Amino acid sequence: MTVKSSPRQSLTVVDNRTGKSYELPIEHNSILATDIKKIVANSPDDVPEDETTQGLRVFDPGYMNTAVVQSKITYINGQEGILRYRGYPIEQLVQKSNFLETAFLLIYGELPTQSQYAGWHNEVTRHTFLHTDVEGMFKTFRYDSHPMSMLTAAFATLGAFAPEANPSLRGQKLFTAAASGDLDSLKVLDKQILRILGKAPTLAAAAYRMRQGRPFNRPAQNLSYTGNFLHLLDTLSDSDRAYTPHPVLEKALDTLFIIHADHEVNCSTATVLQVGSSLVDPYSVVAAGCAALYGPSHGGASESAIRMLMEIGSPENVPAFMAKVEARERVLVGFGHRVYKSVDPRSTAIRALADEVFKVTGRNQLLDTALELARYARESEFMRKRNLYPNVDFYSGLIYQAMGFPLDFYPVLFAVPRCVGWLAHWRQQMLTPSGVKIWRPRQVYLGSGERNYVDARARKEKPGSTVFDAPVAVAHGGDSKRFELAAAQGKPRAKL
């Protein structure tokens, strides 16, 4: 009997510059980028800055096909529209779990037992209060500051109130020592997770109340995680302890928190891991994640989607708007995804949730426009060819608006639950048995070769220079003009 030998799990690459072949091992359908670096040649076509003799590099703008970590947390299959947390389909978690239980799952790997959950819930809620000086920090912001700016600053500020959690003060291995079983290190690590998860809704609510000019509420210990958040946002008086959130709205927010808890190595999570690789404290790590999430291409997309629907106005205006999209005159927000090439599974769960919310709040006036836009997407060849289906931002914005949240608060509602995903990935990073390597991407240098310094009097303007080659003129206020005119009297101009 002939026994078939299994094919070698490797990739053979022939360098046509040298004729030399290289065998690169394949593991988990991936190859090591450092194995590519073994491919070395002396090429007469390269300039010294190409560093050809130091090995071949992989050029991947925007990380289109580069795996930067090995993870056990979240699995996404963009072609088939699959999202799983630690192996559990998002659809099951939305139907059967709650946010704090899902948070435990993402961070620690398994669904908690009843006793584990009780302890977990108790510990998180014990860490919901803020130092009064942190509340004072919020009062230094302008009345019209964006709440996401306040939240980002607040997380960074929290780190100043936890010096025992700062590796710069307590030693470089403060958190990474936990990977080798150091229980003291692990206790410090997990305590910061409890602090951040407990205080995230309190910080977010403080930003919200600041915008309204209302005093801050104190956390309620007898409510759920999202119930307490709604209390912090909405209770008119801190002495009003009888506040009970509407169960449908509380459940809806809890569901949205589950859906937004993690999404693999997205922009903000990659930022968290990039910053975390420097071994900075977790408060700075989360602040960095907030800064990344703030962008309109990431956490700000649900706000942008609602603004787009408001601009379209009514269903009959959809074809005209889409004609501009197809002509590349307008940007379509809330459709398509970097990973999903079919239906976003999160949008499917949210669509059903929206109906429940609208029964309580009343039908969102933009819903008909949104549904017409979704119908257009299903039937348009332009949309289908580009895999443009409604994503999570499309329906979540409609729910937030129906619940009465201001548009600029949407990214904050994304950031609070996403703290779970950030911390899950940060904890996994700190517990890497082989240690944490600082992230240092390479570049392909395309600038000038070596050149000598030229004295200012001998310099000439670059031939063919454009508007990008010097600072553009900046308009100043009237007070600046008055000051410059006063300061210029009788004074010679400064020389280089």
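Helix α15 gives the most to the lining of the second largest pocket, with five residues. The model is predicted, so local features need pLDDT of at least 70 and side-chain atom pairs count only at pLDDT 80 or more, while totals for chains, interfaces and linings use all residues. Residues are numbered from 1 along each chain as its sequence is written, and side-chain values use heavy atoms, with hydrogens and water left out.

**Second largest pocket**

- The second largest pocket holds about 210 Å³ of space; on a 1 Å grid over the protein atoms alone, a pocket is an open set of points where a 1.4 Å probe fits, with protein on both sides within 12 Å along at least five of seven lines.
- Its lining (residues with an atom within 4 Å of a point) includes Glu91, Gln95, Lys251, Thr348 and Glu356.
- The elements that give two or more residues to this lining are α2 (90–96), α10 (247–260) and α15 (345–361); helices are DSSP runs (H or I, at least four residues) numbered from the N terminus.
- By class, the lining has six nonpolar, three polar and three charged residues, where Asp, Glu, Lys and Arg count as charged, Ala, Val, Leu, Ile, Met, Phe, Trp, Tyr, Cys and Pro as nonpolar, and the others, Gly among them, as polar.

**Nonpolar core**

- The largest nonpolar core has 117 residues, and those with the most contacts inside it are Trp120, Phe138, Phe155 and Leu373.
- Such a core is a set of buried Ala, Val, Leu, Ile, Met, Phe, Trp, Tyr and Cys residues joined through side-chain atoms within 4.5 Å; buried means under 20% relative accessible area (1.4 Å probe, protein chains only).
- Not counting residues up to four places away in sequence, Trp120 touches Leu100, Ala103, Phe104, Ile107, Tyr108, Ile193, Leu194 and Leu197, contact being heavy atoms within 4.5 Å.

**Aromatic pairs**

- The whole structure contains 13 aromatic pairs, that is, Phe, Tyr or Trp rings (the six-membered ring of Trp) with centres within 6.5 Å; planes under 30 degrees apart count as stacked, over 60 as edge-to-face and the rest as tilted.
- Phe99 and Tyr225 form a tilted pair because their ring centres lie 5.1 Å apart and their planes at 40°.
- This pair links helix α3 (residues 99–108) with helix α9 (residues 225–234), across 126 residues.
- Phe99 is buried at 1% relative accessible area, and Tyr225 is buried at 7%.
- Phe229 and Phe257 also form a tilted pair, 6.0 Å centre to centre with 35° between the planes.
- Tyr208, Tyr400, Phe405, Phe409 and Tyr410 form one aromatic cluster.

Technical notes: Grid points are joined across faces, edges and corners, and a volume is the space filled by probe spheres set on the points. Buried means under 20% relative accessible area, exposed over 50%, partly exposed in between (1.4 Å probe, protein chains only).
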